[in-house]
Amino acid sequence: MEVVDETPAPARAPVPSAGSDGFVELVNSARAGAGSPPVSADPRLTSAARDHAAAMAAAGGLSVETRDGVSVHQRVVCAGYAYLTVGEHLVSGPRTPADFVAYCLRTERTRRTLHDAAFTHVGWGYVIGGPSGDTYWTALWAVPLTPAGLARTTADVVGLTNRERTRAGLRPLAADPRLTAAAQAHSADMVARDFYSHTDPDGGRPWDRAAAAGSAQRTIGENIACGQRSPADVVEGWMNSPGHRANILKPEFTHIGVGLAGGGRAGTYWTQLFGG
């Protein structure tokens, strides 16, 4: 028996271009009111946003990962946009760009993302679909990945980590290029092979990765985290977890490497690799 899917396809609005529907102008007006610099439209982010909005409309619900098993963050990377940090609004209901921006300005949580001064690029998409015929929106806000930006972000993690050690009366950790290479490789691997663990799919452990990177440190420890959007958020999360806090404050550790990769289901994957 042949089964025919008679569910109507989501109705797609025309693909927006910079300024075509007033979205960017409305966003930048709201950002200017908060003292934040303007963002510019990026076609890769817009493509990813439209694809995700269409997937949500087809499913009739809002979700970071849609029923096709693809997360909004994976769509961004697949569209060719490598990011240092990303934020998203997933919303249903607003019919126009003006309605969408007004919605985002209503609460502190959604307003914070819209106003975030760090973001430099935006992409957006909206599709009508689902059982109720709602309009499903995805707006993506991002900072592109650059070597300088990555170095600055990981250095901030080292600085915040050493601040916690100083408060505890411990000596600061020295940044180690070999541990940094191993930590960065592990974060990138978690994104690429879609896992989140201290043990990689081949059975490699933190000390294996450190040794493979050429580290001669005798004692190795590792913290990982996913989903946090800033150095402050990730270090705070580690300090609020007894096991991770113990690594940060272990007197025997003398060196550190930090890695960060964007993408995957969680959006950001962080690694701290300690040596002593």
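A residue is called buried here when its relative accessible area is under 20% and exposed when that area is over 50%, with partly exposed in between. With that cut-off in hand, select Asp189 in this predicted model: at 19% relative accessibility, Asp189 counts as buried because its value falls under 20%. Its side chain meets that of Arg193 in a salt bridge, at 2.8 Å from N to O, and Arg193 itself is partly exposed, with a relative accessible area of 34%.

Next, select Arg265 and Asp194, whose side chains form a salt bridge at 2.7 Å, N to O. This pair links distant parts of the chain, since Arg265 lies in the loop between strand S8 (255-263) and S9 whereas Asp194 lies in the loop between helix H7 (177-192) and helix H8 (206-212), 71 residues apart. Arg265 counts as partly exposed at 35% relative accessibility, and Asp194 counts as partly exposed at 33%.

For another salt bridge, go to Arg44 and Asp42, which meet at 2.8 Å, N to O; here Asp42 is buried, with a relative accessible area of 6%, while Arg44 counts as partly exposed at 34%.

Now move to the strands and select S5 (residues 134-144), which is mostly covered, with nine of its 11 residues buried. Strand S3 (residues 83-92) pairs with S5 in the antiparallel sense over nine bridges, and Ser92 has Tyr136 in S5 as its bridge partner. Strand S4 (residues 121-129) also runs antiparallel to S5, joined to it by nine bridges, with Thr138 in S5 as the bridge partner of Gly125. S4 and S5 form a hairpin with four residues between them, and in the turn Gly130 has a positive phi of about 80°.

Finally, select helix H9 (residues 231-239), where Pro231, Val234, Val235, Trp238 and Met239 are buried. They cover an arc of only 135° around the axis, which puts them on the same side of H9. The buried residues of H9 pack against helix H6 (147-167), strand S7 (220-226), helix H10 (242-248) and strand S9 (267-275).

Notes. Residues are numbered from 1 along each chain as its sequence is written. This is a predicted model: local features need pLDDT of at least 70, side-chain atom pairs count only at pLDDT 80 or more; totals for chains, interfaces and linings use all residues. Side-chain values use heavy atoms; hydrogens and water are left out. Buried means under 20% relative accessible area, exposed over 50%, partly exposed in between (1.4 Å probe, protein chains only). Helices (H or I, at least four residues) and strands (E, at least two) are DSSP runs, numbered from the N terminus. Two strands pair if DSSP finds at least two bridges between them. The arc is that of the directions from the helix axis to the C-beta atoms. Contact means heavy atoms within 4.5 Å. A salt bridge is a side-chain nitrogen of Lys or Arg within 4 Å of a carboxyl oxygen of Asp or Glu.
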